[in-house]
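We will stop at a few residues, look around each one, and then step back to the strands and helices around them.

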Amino acid sequence: MTITVKFFASLREQLEKSEVKLDSVNALTVAQVWTQACDEVPLPSHVLMAVNMAYVDQHTVVQDGDEVAFFPPVTGG
Amino acid sequence: MPVIVTPDPFNPWQALADHEQQLNQQGHYGAVASFVGTMRNHNEGVGVQSMWLEHYPSMTEHYLAQLAQRAQQQWSLLEVLIIHRVGQIELGQSIVLTAAWSAHRAEALAACQFLIEDLKFNAPFWKRETLQDGQQRWVEKNTSGVCVPSTTEG
């Protein structure tokens, strides 16, 4: 399966990447997506995550074609 | 329940007036509550000259549309309007407008506060400030909107 992984704001700058495509033959949780996309960098506790533009937690299992996003606490308004 | 995310400067008062005219419900509502957030020249004790507002395209609009729906489910509202800027924002420009129309003030006031507080803590926007000395920094978190009145004596 193929997963699109996106990073936003300060997290994108720290990781120096905005989007990654992941190919995997195994089912992956969001935490495992992070680990594979970020070369084993530990998942920071404050990072928020979404699958297909809905908030999820790190234990959520992703499906083929999903878009997974990681970003810092939001500061709009 | 319009939700607008725009890179263009907007006048919140004109937007409210225009929306009321489009709504064409005069006489059906007795209360309009609105909040306008504006770009200011300081934050956390430091002078700020401008700001860049990043967002997650599509998720932002999707989240705000759901937020407007949740407000309409919680309170008896005739209408909800949310406008939010993205991109380069200069001092004094409006950043956000939340507004709610209802028959009575309690619903409109509660819904308006709900809209802006939830938006600030959940809608995927991020502010990067350019400080007076030219340095740039990401705003790390939003402050609570809960306010305790100060005591006035004498």
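Select Met1(B) and Glu79(B) together: the backbone nitrogen of Met1(B) lies 3.4 Å from a polar atom of the Glu79(B) side chain. This is a predicted model, in which local features need pLDDT of at least 70 and side-chain atom pairs count only at pLDDT 80 or more, while totals for chains, interfaces and linings use all residues. Residues are numbered from 1 along each chain as its sequence is written, chains are lettered from A and ligands numbered from 1 in the order in which they are written, and side-chain values use heavy atoms, with hydrogens and water left out.

**Stop 1: around Glu79(B)**

For charge, Lys and Arg count as positive and Asp and Glu as negative, whereas His and the chain ends are not counted.

Now show the contacts of Glu79(B) (heavy atoms within 4.5 Å). Beyond neighbours within four places in sequence, they include Pro2(B), Leu23(B), Gln72(B) and Trp101(B).

**Stop 2: the sheet of chain B**

Switch to cartoon. Glu79(B) lies in strand S5 (residues 79–85) of chain B; helices (H or I, at least four residues) and strands (E, at least two) are DSSP runs, numbered from the N terminus. Four strands of chain B form an open sheet with mixed pairing, in the order S1-S5-S7-S2. Its edge strands, each pairing on one side only, are S1 (3–6) and S2 (31–38) of chain B. Two strands pair if DSSP finds at least two bridges between them.

Next, highlight S5(B) with strand S7 (residues 94–102) of chain B: they run antiparallel and are joined by six bridges. To see one of these pairs, pick Val80(B), whose bridge partner in S7(B) is Ala100(B).

Then bring in the helices. Helix H1 (residues 12–23) of chain B lies across S2, S5 and S7 of chain B, at about 30 degrees to S7(B). Helix H3 (residues 105–122) of chain B also packs on the sheet, touching S2, S5 and S7 of chain B, and its direction makes about 150 degrees with that of S7(B). Axes are lines fitted to C-alpha atoms, for helices over the stretch in contact, and angles run from 0 to 180 degrees between N-to-C directions.

**Stop 3: around Asp66(A)**

Move to chain A and select Asp66(A), in the loop between strand S6 (61–62) and strand S7 (67–71). Asp66(A) is buried without a salt bridge, and the nearest side chain of opposite charge, Lys21(A), is 12 Å away. Asn52(A) takes a positive phi near 50 degrees in the hairpin of S4(A) and S5(A), which has two residues between the strands.

**Stop 4: the sheet of chain A**

Zoom out to the open sheet of five strands in chain A, ordered S2-S1-S7-S4-S5 with mixed pairing. S2 (19–23) and S5 of chain A are the edge strands. Click on Ala50(A): it stands opposite Ala69(A) in S7(A) and opposite Tyr55(A) in S5(A).

**Stop 5: a loop with positive phi**

Finish between helix H2 (30–37) and strand S4 (48–51) of chain A, where the loop holds Asp39(A). Most residues other than glycine have a negative phi. Asp39(A), however, has a positive phi of about 55 degrees, and Glu40(A) has one of about 75 degrees. Are these residues buried or exposed? Asp39(A) is exposed, with a relative accessible area of 60%, and Glu40(A) is exposed at 62%.

Technical notes: Polar contact = N/O pair within 3.5 Å; in protein donor to acceptor, adjacent residues only side chain to side chain. Buried < 20%, exposed > 50% of the residue type's maximum accessible area, 1.4 Å probe, protein only. Salt bridge = Lys/Arg side-chain N within 4 Å of Asp/Glu carboxyl O.
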